[in-house]
Amino acid sequence: MPKVAVYNIAGKQTGEMELNDNVFGVDVNEAVLHQAVVMQLASQRLGTAATKTRGMVRGGGRKPWKQKGTGRARAGSTRSPIWVGGGTTFGPQPRSYAFRMPRKQRRLAIKCALSAKVKAEELVVVEAIEFAQPKTKDVVKMLSDFNAVDSKALIITGESLENVEKSSRNIRGVKAIASNGVNVYDLLYHDKVLITKDAVNRIEEVLA
């Protein structure tokens with residue numbers, strides 16, 4: 001089982017903690033990680049791009065000229081796709097880009113992302129992260145104590161804490177989420193992950 005140090009919010013080591021090998025010690029599967037990131041980003045796409053087909057373009061109800069006898073190519077509408085001002089053929093239409101991965105693969109992807117952070121020594125376990133009131137400078141001080149001021153940092157707490165989330169959202173590159181919101185993209189995007197002991201236990205309960 002991987003063993004990591006446990007710190008208080010001031011950056012002082014207070015002990016050690018053994019992590020579950022089935023969650024924080026799995027072999028990293030880059031293919032599954034890639035698919036999980038693509039799935040997450042695809043689901044965020046709006047998919048609102050649209051063009052007008054010949055049936056949507058205004059006008060074109062009258063036949064431009066008679067079928068025969070003019071010497072010109074036959075035409076039934078001025079809104080044909082081959083005419084200027086006509087409709088678009090096979091243009092984009094509103095659609096959803098979202099797709100789903102099997103639940104086992106989604107869980108494996110999160111395990112791989114967590115394990116990668118542990119192996120890279122980018123995961124820090126903190127006893128507890130709580131603030132009396134929303135203050136950005138409290139998060140800045142905490143990150144400074146962990147030498148993470150200039151890094152993209154992800155703060156993971158056991159449950160949603162309003163003061164922690166509000167204190168973090170004004171800092172560029174810093175994000176605070178609850179343990180039930182852990183996802184592959186955030187884990188890979190941020191350089192440093194500060195996670196509470198409570199959050200570790202909750203994640204292990206779900207994924208182990």
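How many bridges join strand β4 to β5, and do the two run parallel or antiparallel? Five bridges join β4 (residues 153-157) to β5, and the two strands run parallel. Strands here are DSSP runs (E, at least two residues), helices likewise (H or I, at least four), numbered from the N terminus. Two strands pair if DSSP finds at least two bridges between them.

This is a predicted model: local features need pLDDT of at least 70, side-chain atom pairs count only at pLDDT 80 or more, and totals for chains, interfaces and linings use all residues. Residues are numbered from 1 along each chain as its sequence is written, and side-chain values use heavy atoms, with hydrogens and water left out.

**The sheet**

Six strands make an open, mixed sheet in the order β2-β1-β3-β6-β4-β5. Its edge strands, β2 (13-18) and β5 (174-178), each pair on one side only. Neighbouring strands are turned by 30° against each other on average, direction ignored. I155 stands opposite A176 in β5.

**Helix α4**

Helix α4 (residues 136-145) packs on the sheet and touches β4, β5 and β6 (192-196). Contact means heavy atoms within 4.5 Å. V139, M142 and L143 of α4 are buried. Buried means under 20% relative accessible area, exposed over 50%, partly exposed in between (1.4 Å probe, protein chains only). The buried residues of α4 fall within an arc of 95° seen down its axis, so they line one face of the helix. That arc is taken from the directions from the helix axis to the C-beta atoms. Exposed K137 and K141 sit on the face turned away from the buried side. The cover over the buried residues includes α5 (162-168). Just after α4, N147 has a positive phi of about 55°.

**Packing angles**

Axes are lines fitted to C-alpha atoms, for helices over the stretch in contact; angles run from 0 to 180 degrees between N-to-C directions.

| Pair | Angle |
|---|---|
| α4 and β4 | about 105° |
| α2 (residues 30-43) and α3 | about 110° |

The axes of α2 and α3 lie 9 Å apart. Their angle makes α2 roughly perpendicular to α3, a label for 65 to 115 degrees. Among the residues that meet are V32 and M39 in α2, and L108 and C112 in α3.

**Cores**

A nonpolar core is a set of buried Ala, Val, Leu, Ile, Met, Phe, Trp, Tyr and Cys residues joined through side-chain atoms within 4.5 Å. The largest has 33 residues, of which L114, I156 and L187 touch the most other members. Helix α3 (residues 103-119) gives the largest share, six residues. A second, separate core of 16 residues includes M142 and A153.

Terms used. Angles under 35 degrees count as roughly parallel, over 145 as roughly antiparallel, 65 to 115 as roughly perpendicular and the rest as oblique.
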